[in-house]
Amino acid sequence: MWSQLPENKHNDAPKNPRVYDSDMPTFTTDVRMQKVGDLFATSAGKASSDEQVQGSGGGGPCEAVYWIKEKGMQWRMKGTAFIVAPDIEGGEESSGVRTVKSEVGARMRVVEGGEGKEGEWSWRKELTGHFGNCSPGMRGSWRNPPPGTPVKGEPDKDHQLAQKVEDLHDPIARSNFRVVIIKPDEVEQTDLSDPATARRYKYIFDGNAQVGKGEWKMEELWP
């Protein structure tokens, strides 16, 4: 979940203090992948320029499904997805950066003991933490030749397959690395662990409460 990176002894990236938690799952991607442009183009702002897509923003509709085989449990999430890019912190804020911080920040809850420490929490540090949470081989994938492009001769020396990246600030890998945050509005949990008692539970987020204090309303359904 965003703002809740798991402990990883292999991750040497500086960590944020424990200030927030959230109910927003994340995944990593490459800015050169089509999904990034899609999340910008289908957002409320309909952003489509290359400059906009290279930065933070997005907010297009998203649906994700997780199947937990060991538990016989399926989770389906529907909502919007936002892109965190290197411009998230440290420079003049674009409209995309403001959108991410507003939309995602509204669902980040201050944990017990985190009050008064909000200023110590950094978006950029969290982004680097996600990069560090990947293996060197996975980090190297962000130095691959551009995904989906035709194979025509040998790629240049900076874009080769099967590279391993140890540097947390490798300029090429980091320029392509993105974190996608799913902000779910509806979640369905389908419990198939026992056919005799199978159930589906639908959760709808009610955001009418104050920032960070919304609640999920649950309805039990037949699967």
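**A tour of ring pairs and strands**

Begin by selecting Trp2, Tyr20, Trp121 and Trp123, which ring pairs link into a cluster. Rings of Phe, Tyr and Trp (its six-membered ring) pair if their centres lie within 6.5 Å; planes under 30 degrees apart are stacked, over 60 edge-to-face, and the rest tilted. The model is predicted: local features need pLDDT of at least 70, side-chain atom pairs count only at pLDDT 80 or more, and totals for chains, interfaces and linings use all residues. Residues are numbered from 1 along each chain as its sequence is written, and side-chain values use heavy atoms, leaving out hydrogens and water.

Eight aromatic pairs are counted by this rule. Keep Trp121 and Trp123 selected: their pair is edge-to-face, 5.5 Å centre to centre with 85 degrees between the planes. Both Trp121 and Trp123 are buried (under 20% relative accessible area, with exposed over 50% and partly exposed in between; 1.4 Å probe, protein chains only).

Next, select Trp142 and Phe177. Their ring centres are 4.8 Å apart and their planes at 85 degrees, so this pair is edge-to-face. Trp142 lies in the loop between helix 5 (136-140) and helix 6 (171-176) and Phe177 in strand 6 (residues 177-191), so the pair ties together parts 35 residues apart in sequence. Helices (H or I, at least four residues) and strands (E, at least two) are DSSP runs, numbered from the N terminus.

Finally, display strand 4 (residues 73-84), which runs antiparallel to strand 3 (residues 57-68) and is joined to strand 3 by 11 bridges. Two strands pair if DSSP finds at least two bridges between them. Strand 4 also pairs with strand 6 in the antiparallel sense, over 12 bridges.
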